[in-house]
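Below are a few numbered remarks to read alongside the model.

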Amino acid sequence: GLARHYGVRLPGGLMGRRATLKAVDGIDFDLARGEILGLVGESGCGKSTTAKLVLGHVAPSAGEVRFDGAPVPVDHGGDWRRLRRRMQMIYQDPLGALDRRLPIAAQIAEPLQIHRPDLSRADRGARAAELMRAVGLRPDQAARYPHELSGGQRQRVVIARALALDPELLVCDEPVSALDVSVQAQVLNLLEDLRARTGFAALFISHDLKVVRQMADRVAVMYLGRIVEEGSPEEVLHRPLHPYTQALVSAAPSPHAGRRRARIVLRGDPPNPVEAPAGCSFHPRCPVAVARCRTERPPLLREGRRAVACHLAQAAGGGFAPAPLPSA
Ligand code: SF4
Ligand code: MG
């Protein structure tokens with residue numbers, strides 16, 4: 001079986017010293033070695049804050065983030081740095097993540113220079129060349145600067161640099177949303193291929209269900225800082241249980257022409273997480289909310305690989321059933 005290695009348990013919510021209050025509240029998930037967990041939700045739902053928590057960039061006010069059995073420190077001291085090199089981050093904007101004044105091969109070799117003083121200069125160069133090959137960059141591009149490359153090539157540089165130290169965990173925050181659709185597919189295929197070869201686990205954050213479906217072994221849906229549903233990509237996308245997930249799925253373009261789903265339109269914008277509504281925080285926008293939803297927060301219940309936090313999706317006799325939405 002798969003050993004559970006990475007866990008986040010934050011029963012009391014986040015109180016980051018510099019982050020927004022309560023952007024993540026009561027999330028609880030585990031990530032197995034080599035597994036890709038897709039985290040979906042609208043912007044502002046707490047996905048990026050979750051990434052910062054996992055990486056130890058912000059401290060939870062309660063609960064803890066554990067990596068390979070040990071709590072992730074947030075003090076940015078020696079322990080944190082040692083742990084941090086085993087986790088790497090890929091952001092949405094590759095240009096912002098790169099140094100404009102350095103040729104790309106030097107940037108790919110930079111983590112080796114910092115963390116692998118045991119390697120000779122020649123070994124570092126050879127490793128950088130190998131990483132460039134692995135991400136599909138040509139040797140003659142080594143001396144180029146970031147602005148001389150396309151967006152897709154720049155994201156390849158970021159990926160190569162992230163892989164330089166053989167990380168066990170990649171945190172990818174909207175890694176392809178700044179790229180053209182055709183380039184997105186190339187970068188996603190590259191990440192899949194690299195995962196198969198190197199076995200990293202990933203927290204894969206995206207607002208795009210299609211992207212998450214391609215990449216993830218498991219999907220968690222976030223709303224206002226909480227996980228409201230979890231399951232395999234097939235289960236979550238083909239038989240969404242939670243009304244919020246049902247709305248997300250209905251709004252995404254269907255891959256099956258002719259099998260048009262009724263679109264569920266949610267009222268209003270997501271509220272500010274700091275003033276999350278009482279009870280089920282989705283209740284002001286939920287088309288099927290009942291009285292108890294306004295006062296009673298539904299717990300995230302688990303059954304095997306499936307989890308949902310909705311009073312109506314948790315069938316009385318046990319088991320889960322999709323919340324019965326009115327047909328449009
Ligand atoms: Fe809607 Fe109530 Fe379910 Fe929340 S608990 S999603 S308000 S039905
Ligand atoms: Mg974000």
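1. A word on terms to begin: two residues are in contact if their C-beta atoms, placed from the backbone, lie within 7 Å. This is a predicted model, in which local features need pLDDT of at least 70, side-chain atom pairs count only at pLDDT 80 or more, and totals for chains, interfaces and linings use all residues. Residues are numbered from 1 along each chain as its sequence is written, and chains are lettered from A and ligands numbered from 1 in the order in which they are written.

2. On confidence, the chain has an average pLDDT (the predictor's confidence in each residue, from 0 to 100) of 85, with 87% of the residues at 70 or above. Among the elements (DSSP runs numbered from the N terminus: helices, H or I, of at least four residues, and strands, E, of at least two), the mean pLDDT is lowest in strand S1 (residues 4-9), at 55, and highest in helix H6 (residues 151-163), at 95. Do take care with residues 11-23, where the pLDDT is below 50.

3. Now the open sheet: its 8 strands follow the order S6-S7-S8-S3-S9-S10-S12-S11, with mixed pairing (two strands pair if DSSP finds at least two bridges between them). Strands S6 (87-90) and S11 (301-303) are at the edges with a single partner strand each, so one side of each has no neighbour in the sheet.

4. S10 (residues 226-231) pairs with S12 (residues 306-308) in the antiparallel sense over 2 bridges. Glutamate 230 has alanine 307 in S12 as its bridge partner.

5. Finally, the helices. Helix H1 (residues 47-54) lies across S3, S7, S8 and S9, at about 155° to S8, while H6 lies across S6 and S7, at about 175° to S6. Axes here are lines fitted to C-alpha atoms, for helices over the stretch in contact, and angles run from 0 to 180 degrees between N-to-C directions.
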